[in-house]
Amino acid sequence: GAHNPQDVRFVACGDVRICRAEVVSVGLLGRVTRDPRLDEAMSARAGPSEASPASLATLTVISGRPGTGKTTLAKAFSRQRGACYLRVDAAETALARTGLQVGIEGYAVIHELAVSNLLLGIDVVVDAVNASPEARAGWQEAARRASATLVLVETTLPDQAEHRRRVEARNADIPGHVMPSWDQVQRVAWTPWDPDRDGSRLLIDTTDSRLAIATLSARYPTG
């Protein structure tokens, strides 16, 4: 049957833990906004932890060019930490299946899902390219809204031949997700990271995936 323009959109959170979904409104211009019905329902049911943002949770954002190991690292780290795993590719692919020409909407959806889980005290790991300063700034705002600790990570793969091998060997793990070719990856408009503008980040070489996860894990206290 016909779909109501205001519908429930569920963004996959992987197999790590169940994440809270939001009701969003997809307007005629493809903008994704929070549905006021959700605010009314949650206000009626909210406990003290939702009424005041004191989550003390951690938002880890793993950024990097396509094919540099973001998803492998983010999934492994999420499993290790028992964190909610949120992937911008999943949101963008799901929105594209509805017929939208997706731009910033995928990021907007993941911002809201991240804040919702952080406010529940659940650590969140985000997997996203974040090629531009504007994309990176959005996570700082999300962390601020949730009173969460923000950890920024950039993945790198110095060996170009290995980078190309990984890009060309990848298979889509999301139905409908179109993987970029090596030529397309080369043309990604990547703005080099500027700590003064984008915030301090941990640069991780993903040549050895086990060493990469150990490097990221060492950033967090063990207690």
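Predicted model: local features only at pLDDT ≥ 70, side-chain atom pairs only at ≥ 80, totals over all residues.
In soluble globular proteins, nonpolar side chains tend to be buried together. The largest nonpolar core of the model holds 28 residues. Within this core, the residues that touch the most other members are Leu-59, Leu-86, Ile-110, Leu-118, Val-124, Val-126 and Trp-139. Two or more residues each are supplied by strands S4 (58-63), S5 (84-87) and S6 (124-127), and by helices H4 (88-97), H5 (105-119) and H6 (133-145). Helix H5 provides the largest share, 7 residues. The surroundings of Leu-59 were examined with its neighbours within four places in sequence left aside. On this basis Leu-59 is in contact with Ala-114, Leu-118, Val-124, Val-126, Trp-139, Ala-142, Ala-143, Thr-149, Leu-150 and Val-151.

Two packed helices are described by the angle between their axes and the distance between the axes. For helix H3 (residues 70-81) and helix H10 (residues 209-217), the angle is about 55° and the axes lie 10 Å apart. H3 is therefore oblique to H10. The two helices cross in a right-handed sense. On the H3 side the contact is made by Leu-73, Ala-76, Phe-77 and Gln-80, and on the H10 side by Ala-212, Ile-213, Leu-216 and Ser-217. Of the residues in this contact, 6 are nonpolar, 2 are polar and none is charged.

Ser-63 belongs to strand S4. Its relative accessible area is 1%, below the 20% limit, so Ser-63 counts as buried.

Asn-130 is not a glycine but has a positive phi, near 55°. Asn-130 is buried, its relative accessible area being 0%. A positive phi, about 50°, is also found at Ser-147, likewise not a glycine. Ser-147 is placed in the loop between H6 and strand S7 (149-156). With a relative accessibility of 34%, Ser-147 falls between the limits of 20% and 50% and therefore counts as partly exposed.

Definitions and conventions: Residues numbered from 1 in each chain as written. Heavy atoms only, no water. Axes fitted to C-alpha atoms, helices over the stretch in contact; angles between N-to-C directions. Helix = DSSP H or I, 4+ residues; strand = E, 2+ residues; numbered from the N terminus. Parallel < 35°, antiparallel > 145°, perpendicular 65-115°, else oblique. Left-handed = near helix turned anticlockwise from the far one by under 90°. Contact = heavy atoms within 4.5 Å. Nonpolar A, V, L, I, M, F, W, Y, C, P; charged D, E, K, R; others polar. Core = buried A, V, L, I, M, F, W, Y, C linked by side-chain atoms within 4.5 Å. Buried < 20%, exposed > 50% of the residue type's maximum accessible area, 1.4 Å probe, protein only.
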